[in-house]
Structure formats: C-alpha cells, structure tokens
Amino acid sequence: MYQFFISLLVTVLAASARATSSFSPARPPAIPLAVKSPYLSTWLSAGSDGGNGGYLAGEWPIFWSGQITGWAGMIRVDGSAYTWMGIPGPETVTQTSYEYTSTKSIFTMNVADKVEMNITFLSPITPNDYKRQSLVFSYVDVQVESLDGEAHDVQLYADISAEWVSGDRTTTATWDYGTTDNGVAYHKVSRQTQLAFSEISDQGEWGDWYWATDNSESLTYQSGGAVDVRAEFAANGTLGNSQDSDYRAISTDWPIFAFAHDLGSVDSAASVLYSIGLAQTDAIQYEGSSSGSTILPSLWTSYFSTGPEALDFFHNDYATSSSLSSDLDTQVAQDSIAAAGQDYLTITSLTVRQAFGATQLCGTTDNTYLFMKEISSDGNVNTVDVIFPAHPIFLYTNPELLNLLLKPLFEIQESGNYPNAYAMHDVGSHYPNATGHPKGDDEAMPLEECGNMVIMALAYAQKASDTDYLSQHYTLLNQWTAYLVEDAIYPANQISTDDFAGSLANQTNLALKGIIGIEAMAVISNETDHSDNGANYTAIAHNYIDRWQILGVAHDANPPHATLAYGSNNTHGLLYNLYADRELGLNLVPQSIYDMQSTFYPTVQLEYGVPLDTRHNYTKADWEMFTAAIASTSTRDMFTQLLSKWINDTPTNYAMTDLYDAVGGGYPSNVFIDRPVVGGAFALLLLNQGN
C-alpha cells in the first residue's frame with residue numbers, strides 16, 4: 001500500500017510538469033469517452049473547476065453526474081510501466097494531442113520517446129440503423145507503434161471497476177468471466193440485488209455490464225482488488241487468468257476487472273480493441289394507451305437473445321460501425337464548415353454524443369419508441385420543452401427519430417390518460433418510469449408545450465413528407481391550438497421552458513411561439529382538408545402578429561428591439577422562438593423583425609454570449625444557436641465565435657452545460673449538465689438542409 005501511494009504521488013508530480021497537449025478543435029469542459037445512453041455516460045473532467053485540463057492519464061473518468069466510474073489503462077514498454085488512463089499508479093505517459101469529432105475522442109500519447117499510442121474512444125451513432133443504434137455499447141481502440149524505429153517489448157493493460165454498476169458504493173456487486181462463440185473475452189459485472197427501473201445518483205440499478213476484448217493466446221485476465229491486480233501487471237506484464245470469488249461491496253477493496261495483452265516485440269504497429277456496455281433486457285415502464293403500466297424491452301432484444309450475443313455482434317462489428325460513424329463525422333463537418341465555418345463545427349461536433357446519449361431505443365421492431373431523459377435538471381421522461389430545443393439534431397439526422405420521441409406523448413393524451421386540455425409537459429416524472437400524469441399534476445407550461453407540440457408536429461411532417469401524420473393527430477393538435485388562440489396574444493402569468501428564470505405575464509417571446517403555433521395549425525388544417533379552420537387560424541395569426549409588433553417591440557429604443565415583456569421597453573431577451581417561423585417556412589413574421597434583432601444583439605453581447613434576458617448575465621447555448629440560425633451573417637458569426645470561445649475557456653468541468661454565465665463562463669446558481677438540448681446547435685444545419 002505504501003508503494004502504491006508513493007507511485008500515486010509520482011504520478012501527480014509528473015502530471016504537474018507534463019508537456020502541453022494540443023486540443024482540436026477545442027478543449028471542451030468535459031471530454032466524452034463512452035457516451036451512448038443515460039446510463040452509459042462516462043466523461044473526462046477537463047475544466048479548471050475540478051478537471052485536470054483534458055489529460056486522460058492522471059484523472060479518473062466520471063459518470064455525467066460526477067461520481068467516479070473507475071477506468072484505468074497502463075502500458076509496459078521494455079519492462080517499465082506507465083499510466084495511459086486514470087490513476088492506477090505508475091508514471092503517466094505524455095499526452096501530445098487530443099481531437100474530437102461528432103462520434104470520437106482521439107488521444108495521442110508519447111511513451112518515453114519509444115512508442116506512440118493512438119487511443120480512440122468511439123461511441124457509434126447510426127441514426128438510420130436502429131439495430132446498431134439500439135446497442136448501449138462503446139469502443140476503445142488502442143494502437144501502438146514504434147517512435148524511434150526500434151523494436152520494443154510492449155504489454156497493454158486496461159480495467160474497469162465495479163463503480164459502473166451502481167450509484168451506491170456500498171452495494172454488493174457480482175461478476176463472471178466468459179468468451180463468446182466468435183472469440184470475444186468478457187467480464188460481466190452486475191449489481192447482486194437488481195433494482196429494476198430504479199436509479200441511485202442517476203446510475204441505473206439493473207442490467208449487466210460487459211467489459212470485453214479479443215480473446216487470443218496473448219491475452220490474460222483477472223478480477224480482484226484494485227491495488228493487487230494493477231500491481232501484478234506493472235510488475236510482470238501479465239495477469240493470473242483468475243477470478244476473485246469474494247463478491248462484495250463496490251468500495252470494499254475496490255474489485256476491478258482487467259485484461260492484459262502481450263503485444264510482443266513492436267517495431268511497426270499493433271492494436272487492441274475493447275468494448276464497454278450495458279445490457280438491460282427491460283428498459284422502460286410505460287403507461288401509454290393502456291390503463292396500466294407495461295414493461296418495454298430495450299430494442300436490441302429484438303435483434304439479439306442475450307447480452308453476450310449482442311456484445312459478440314458489437315465487438316466484431318467495429319470496422320462497419322466505425323465507418324458508419326465516420327460518415328456522420330464527415331457529414332457534420334462538411335455541412336457545419338459550409339454553413340458557418342470552423343467555430344460552428346467546434347460547437348456542433350461536441351453536441352452530437354451528448355444529445356443522442358440522453359436517449360434509448362425501446363419496444364420492438366414493429367412498435368418502436370425513443371425515450372429521452374431530461375438529464376440533470378428534472379430527470380423527466382420525454383419532456384416536451386427539452387425535445388423542442390433538441391429537435392433540430394434529430395430532424396437533421398433522421399426525421400423518424402422525432403416521430404419516435406413524440407409518439408408516447410400523443411399515445412397517452414389520445415388515449416384519455418391525461419385530463420388537461422392543454423399539452424402535457426412530459427410522460428413521466430423520472431426516467432425510466434414513463435407512467436404519465438393521469439391526475440394532470442405535471443409541471444404546467446400550457447402555452448409553451450401547446451406551441452411546441454404543434455410546431456414539432458408540422459416540422460416532422462414536412463421533413464418526412466407525411467401528411468397522414470397530421471391527419472392522425474389532427475383532433476389533439478386542434479385542441480391545443482384552441483388554447484393558443486385563447487392565450488397567445490396576452491399570455492397569462494406562467495413559466496416558459498426557461499422556468500429557472502421564474503414566471504412572468506405577457507412574455508414577448510412566449511407570445512410569439514403561440515402565434516407561430518396558430519399559423520402552423522393553419523398550414524396543418526389546409527394540408528388535411530380542413531380549409532375552413534385553416535382560413536380562420538391564419539386570419540387570427542396575422543391579426544396577432546400585427547398586434548404583437550406593437551405590444552412587444554421597444555420602437556423608441558436605440559436600436560429598437562423586442563422586449564422581455566410587453567411594455568417593459570428597458571428589457572430585452574433572446575427572441576429564439578422566431579426560429580420556428582423560418583423553420584416551417586411560414587413567412588408570418590416580417591423580415592424587418594429579423595433584421596431589427598440582428599442589429600440589436602451585438603449591442604448587448606458580453607464576454608461569452610448574449611444574455612438570455614435582462615434579468616441575469618447567464619445565457620443558454622441552445623437558444624443562442626436558434627437565434628444565430630436566423631440572424632444576419634455577421635450576427636450569426638458573433639454568436640458562434642463567442643460560444644466556441646466559451647467551450648475552450650470555460651472553467652466548468654462536466655459535460656457541456658447549456659446554461660452558463662456570459663461573464664466569466666462559469667455555472668450560475670442553477671447547474672445544468674449533459675442535457676440533450678444542446679442538439680439545438682443543429683438549428684442552422686436543419687435550415688440549410690431544407691425539406
């Protein structure tokens with residue numbers, strides 16, 4: 001134990017004196033390592049509030065909410081051991097570069113000027129391939145090659161701890177070792193007493209975790225106490241091919257599950273592939289069209305009968321999965337650069353894994369759902385005003401994903417399992433329990449959610465060319481629009497999606513959403529043979545927008561601008577709800593409003609952005625990107641440059657927050673982490689993509 005702490009001290013001292021790594025396109029607040037679902041969400045803390053600057057060695061990876069998910073890597077070169085991930089003990093390698101794409105985090109390491117390591121963390125995203133997208137697994141690909149042209153004796157090691165299986169470190173874990181029919185060796189680790197559909201510290205408390213690699217003659221494995229297993233490899237370069245039979249608490253002698261590969265004499269290049277993932281047969285408790293809860297399976301169970309079978313496919317699918325993910329990387333990069341340049345790509349490519357990582361495909365191939373967790377704020381399931389800011393990324397990558405997100409919201413309300421006349425806020429108070437709100441006691445955002453649902457229904461139908469969808473849901477959409485007609489022009493004192501800012505009457509931006517929603521319903525009515533309703537709704541919307549331009553604009557200000565609330569001419573805010581007018585091609589709002597706002601925003605910019613409104617200095621990244629998407633070129637570039645700079649500078653050290661102080665770049669009093677709303681970064685790409 002004394003030797004372990006001495007080696008740990010050496011590691012820390014070495015880290016403080018290490019060479020500086022490059023970061024491309026930026027050094028994000030936290031680096032995504034394995035991010036595929038609400039429960040497979042492991043990051044490397046980087047920001048100065050608690051991270052180490054983005055160095056893989058010398059910092060324990062963490063679950064999105066902050067608790068350690070033990071993940072360690074070592075390499076032996078010519079008999080000397082070094083750390084390449086986590087803090088297992090030996091001297092750290094020298095990280096020379098880090099790069100991220102939409103699906104990958106790539107580290108380059110120099111090991112004593114003898115060999116170079118290229119380590120790729122790939123969380124595959126295949127929006128049009130549900131079989132692959134349904135698998136809650138992620139890859140680590142490690143390539144080693146000689147730096148000096150000489151042959152070097154190399155062994156590679158990696159482990160995970162039982163911390164992955166539960167948020168309660170006192171709970172007992174169990175484990176096993178096995179191999180699949182197609183040559184994949186794996187450690188299976190689980191919570192001994194499974195708690196289905198339960199969370200502790202946001203970690204799922206059921207299912208089996210798999211940590212896997214290729215089985216070969218050069219592979220050795222071991223489970224046991226962290227100190228002993230890691231010391232075994234550091235000293236000998238091999239493991240004992242043995243299992244610890246003492247199932248125990250996660251924090252008792254910290255059980256870990258390790259692999260060691262003897263790469264032999266490396267004079268050119270060698271590689272090792274690892275897979276990490278979670279297999280939950282049952283995924284969601286759901287009360288949809290029925291009068292009671294049903295259990296929805298994970299969608300992967302429609303393709304694979306067991307966890308090991310799913311693992312076997314995933315691990316051996318690396319070449320195809322990597323290629324498909326690279327195609328997405330290229331598409332996002334090319335489209336982002338063409339749309340608004342490198343600063344914009346810095347933003348979009350960082351948000352992809354985070355947005356998709358809040359979702360999971362469930363159900364069957366004949367009846368599929370996509371469920372989303374409102375990570376870090378409320379934990380609600382399929383929150384309408386979280387789907388809304390995120391929806392551009394789903395429409396951009398595959399419009400059917402938005403359909404699958406909205407599906408349970410329509411099912412519950414069309415079945416009569418929700419009593420209120422306005423649109424419900426979410427389908428469950430806490431993920432993974434989508435049990436609805438049969439008493440109507442969800443968070444009330446009536447104007448917000450009615451507008452969101454009508455707008456998104458039309459947005460999906462336009463992208464998917466699916467008029468039948470609008471006909472199918474016409475009755476409910478019409479019901480919600482009646483609420484918009486009643487409340488949109490003079491919104492009652494209520495909260496909007498920015499509920500943390502408090503309630504307010506006559507919100508200018510909220511009113512605009514309702515008015516645009518009415519015009520959207522006019523289009524829906526005309527496309528579904530309800531032309532009388534269409535004429536009525538468009539007349540109302542045009543009347544309202546004319547009045548809104550008087551009520552909600554500070555005409556005497558220099559320069560003029562929309563207000564936060566009617567009559568409060570010394571206030572302002574991001575008019576992000578204007579985006580839907582452009583997205584849906586409504587042309588309801590005069591171009592003069594777009595131009596007015598584009599002129600105004602640069603006059604109130606702060607260090608890292610434009611404030612959400614005049615009540616605070618904080619801003620919202622998602623709404624900034626909605627606003628930028630419909631602004632003039634120069635104002636758009638101002639938004640993207642400031643947000644890109646914030647990504648690189650912010651002291652925040654968890655997965656990208658959407659709410660940050662525009663002065664200093666830190667967290668405000670409300671700390672949001674890892675929320676899928678960052679998918680709003682794709683607002684401009686969605687407009688450029690067209691229908």
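1. Basis. Residues are numbered from 1 along each chain as its sequence is written. In this predicted model, local features need pLDDT of at least 70, side-chain atom pairs count only at pLDDT 80 or more, and totals for chains, interfaces and linings use all residues, while side-chain values use heavy atoms, without hydrogens and water.

2. Residues 103-335 are 18% helix and 45% strand, with end C-alpha atoms 16 Å apart. Residues 341-685 are 49% helix and 6% strand, with end C-alpha atoms 12 Å apart. Helices (H or I, at least four residues) and strands (E, at least two) are DSSP runs, numbered from the N terminus.

3. Helix packing. Helices H7 (residues 384-397) and H9 (residues 446-464) pack at about 20°, their axes (lines fitted to C-alpha atoms over the stretch in contact, with angles from 0 to 180 degrees between N-to-C directions) being 9 Å apart. H7 is therefore roughly parallel to H9 (angles under 35 degrees). Contact residues (heavy atoms within 4.5 Å) include Phe388 of H7 and Met456 of H9.

4. Cis peptide bonds. The Ser24 to Pro25 bond is cis, with omega near 0°; Pro25 lies in the loop between strands S1 (22-24) and S2 (30-35). The bond joining Tyr431 and Pro432 is also cis, with omega about 10°.

5. Positive phi. Asp202, not a glycine, has a positive phi of about 70° and is located in the loop between strands S14 (199-200) and S15 (203-204).

Methods
Parallel < 35°, antiparallel > 145°, perpendicular 65-115°, else oblique.
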